[in-house]
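Here is a friendly note to keep beside you as you look at the model for the first time. Have the viewer open and follow the points in order.

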Amino acid sequence: MKTSVDVVVVGAGIAGLVAARDLVRAGREVVVLEARDRVGGRLLNAELPGGAPIEVGGQWVGPGQDQVLALIDELGLTTFPTHTEGRHIAEIGTARSVYTGRVPRLNPVALADVAQAQWRLDRLARQVAAREPWLAEQAEDLDGQTFATWLRRNVYTSGGRSFFRLITEAVFSAEPEDLSALWACFYVGAAGGLDALISTAGGAQQDRVVGGSQRIALALADELGDRIVLGAPVTEISWDAAGVQVSAGRTTVRAARAVIAVPPPLAARIRFGPGLPGDRDQLVQRMPMGRVIKVNVAYDEPFWRRDGLSGQANSDHRPLGTVFDNTPPAGAPGVLVGFLEGKHADAAGRLDPAERRSRVLTDLTGYFGPQAQHPIAYIERDWAEEEFSGGCYGAFTAPSTLTRFGTALRTAIGPLHWAGTETATRWAGYMDGAVESGHRAAREISDVLMTHAQI
């Protein structure tokens with residue numbers, strides 16, 4: 001297929017689909033090229049026994065995520081709250097706490113240490129996120145160290161450090177040693193603070209989309225119709241001042257502008273001719289994806305609720321360090337969703353699938369008792385094995401990346417515009433950030449095309 005349009009969009013995740021829809025509504029001819037045989041990117045639904053949908057990719061939305069919540073409403077979709085009723089489980093160090101509310105009953109000295117470190121982090125994060133992070137007052141110092149270094153300097157107890165390592169794995173699906181302290185501060189600030197990132201009720205894990213989050217992408221795709229070409233991995237983009245030519249197998253698209261809406265490491269695999277400026281190339285070389293294996297384990301019923309447990313559990317020593325109740329709105333089957341993140345995903349990914357399943361069930365049994373050993377279904381997704389994702393939840397920057405190359409993160413290069421949740425200024429790494437980036441890229445292109453039409 002050869003075609004000519006106003007805009008070609010590379011990637012049919014939320015960012016690319018939102019950009020495409022905005023441009024179509026502005027009267028532009030658009031084609032979306034998607035490497036997979038489906039839309040949704042890092043959003044994907046699977047089926048539970050009985051046919052109910054379950055998310056094996058991104059799934060949560062919460063207060064303050066105004067862009068994605070507005071889109072959900074506009075598409076006629078609805079949300080329901082994550083189950084939180086009951087007592088939560090926390091295992092930090094040698095202590096186990098079964099508690100209600102937001103704060104586990106752990107060593108009071110460690111809790112005080114966590115509180116003071118969070119206050120420092122939130123204060124820094126507000127300053128960094130208030131402007132481009134590489135322009136923040138302490139940008140050079142923060143970007144010159146890993147988040148692990150910052151934690152060593154600002155968290156004083158072993159319990160406090162264990163807590164923040166667990167949080168880093170849960171939020172970034174990476175280790176504190178992997179990422180720049182400046183990126184960590186930006187990410188926290190872009191969400192409005194650490195509590196917003198890690199909380200369920202009132203935070204980023206508060207709500208789920210009825211029918212599964214991939215319905216957002218499917219609804220957008222329905223509106224775009226045959227403008228989407230599936231099974232078309234883009235391998236080459238030729239560009240100059242006059243426009244672009246995008247090659248994807250047997251499909252070639254010529255356009256005035258292009259939106260590249262794939263994760264930064266995947267954008268780096270595309271051959272650009274001419275090659276991109278050095279700052280952009282250096283940037284994406286220093287933005288790896290996090291690594292996570294997401295596991296949904298289904299039971300006849302949510303048996304933990306009978307024991308007064310919410311299904312929410314965290315541990316700083318179990319590989320399955322974060323667990324939630326992921327039961328569908330109907331109340332059955334009961335589902336526990338757990339995450340193997342960072343180094344735990346590295347180790348688990350090397351195991352035989354049967355051994356990995358056994359270890360996951362061992363951790364669930366440690367949290368919730370022997371009934372956890374007998375699921376009716378086990379559904380896992382290793383996002384590092386996804387060729388066109390390369391990992392999850394999102395990309396992050398290594399030390400000394402943002403201050404050297406951050407200006408290339410979302411700056412257009414000729415006719416090339418960049419979208420994707422990593423380019424967002426609010427809720428980077430989340431569906432909300434993806435929606436923001438899609439709107440921004442569409443506005444950039446609309447402004448350019450309108451200016452050209454007036455000349």
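Which residue in strand 20 is the bridge partner of Val259? The bridge partner of Val259 is His417.

1. Before you start. This is a predicted model, in which local features need pLDDT of at least 70, side-chain atom pairs count only at pLDDT 80 or more, and totals for chains, interfaces and linings use all residues. Residues are numbered from 1 along each chain as its sequence is written, and side-chain values use heavy atoms, with hydrogens and water left out.

2. Helices (H or I, at least four residues) and strands (E, at least two) are DSSP runs numbered from the N terminus, and two strands pair if DSSP finds at least two bridges between them. Strand 13 covers residues 251–260, and eight of its ten residues are buried, so the rest of the structure largely encloses it. Here buried means under 20% relative accessible area, exposed over 50%, and partly exposed in between, with a 1.4 Å probe and protein chains only. Strand 1 (residues 2–10) pairs with strand 13 in the parallel sense over eight bridges, and Ser4 stands opposite Arg254. Strand 20 also pairs with strand 13 in the parallel sense, over three bridges.

3. The hairpin. Strand 12 (residues 243–248) pairs with strand 13 in the antiparallel sense over five bridges, with Ser247 opposite Thr252. Two residues lie between the strands of this hairpin, and Gly249 takes a positive phi near 65 degrees.

4. Thr423 sits in the loop between strand 20 (416–418) and helix 16 (431–454). Is Thr423 buried or exposed? Thr423 counts as buried because its relative accessibility is 5%. Its side chain reaches the backbone oxygen of Gly420 at 2.7 Å, a polar contact (N or O atoms within 3.5 Å; within protein, one must be able to donate a hydrogen and the other to accept it, and residues adjacent in sequence count only if both atoms are side-chain atoms). Leaving aside neighbours within four places in sequence, the residues in contact with Thr423 include Trp418 and Arg440, where contact means heavy atoms within 4.5 Å.

5. The largest nonpolar core. Such a core is a set of buried Ala, Val, Leu, Ile, Met, Phe, Trp, Tyr and Cys residues joined through side-chain atoms within 4.5 Å. The largest one has 48 residues, and Phe164, Trp183 and Leu197 have the most contacts inside it. Helix 7 (181–190) is among the elements that give two or more residues to this core, and its nine residues are the largest share. A second, separate core of 37 residues includes Ala15, Leu17, Leu75 and Ala261.

6. Helix 7 up close. Ten of the ten residues of helix 7 are buried, and they pack against helix 3, helix 4, helix 5, helix 6, helix 8 and helix 15. At its start, a side-chain oxygen of Ser180 reaches to within 2.9 Å of the backbone nitrogen of Leu182. Gly192, with a positive phi near 90 degrees, follows the helix.

7. Three bridges join strand 6 to strand 9 (residues 207–209), and Pro81 stands opposite Asp207.
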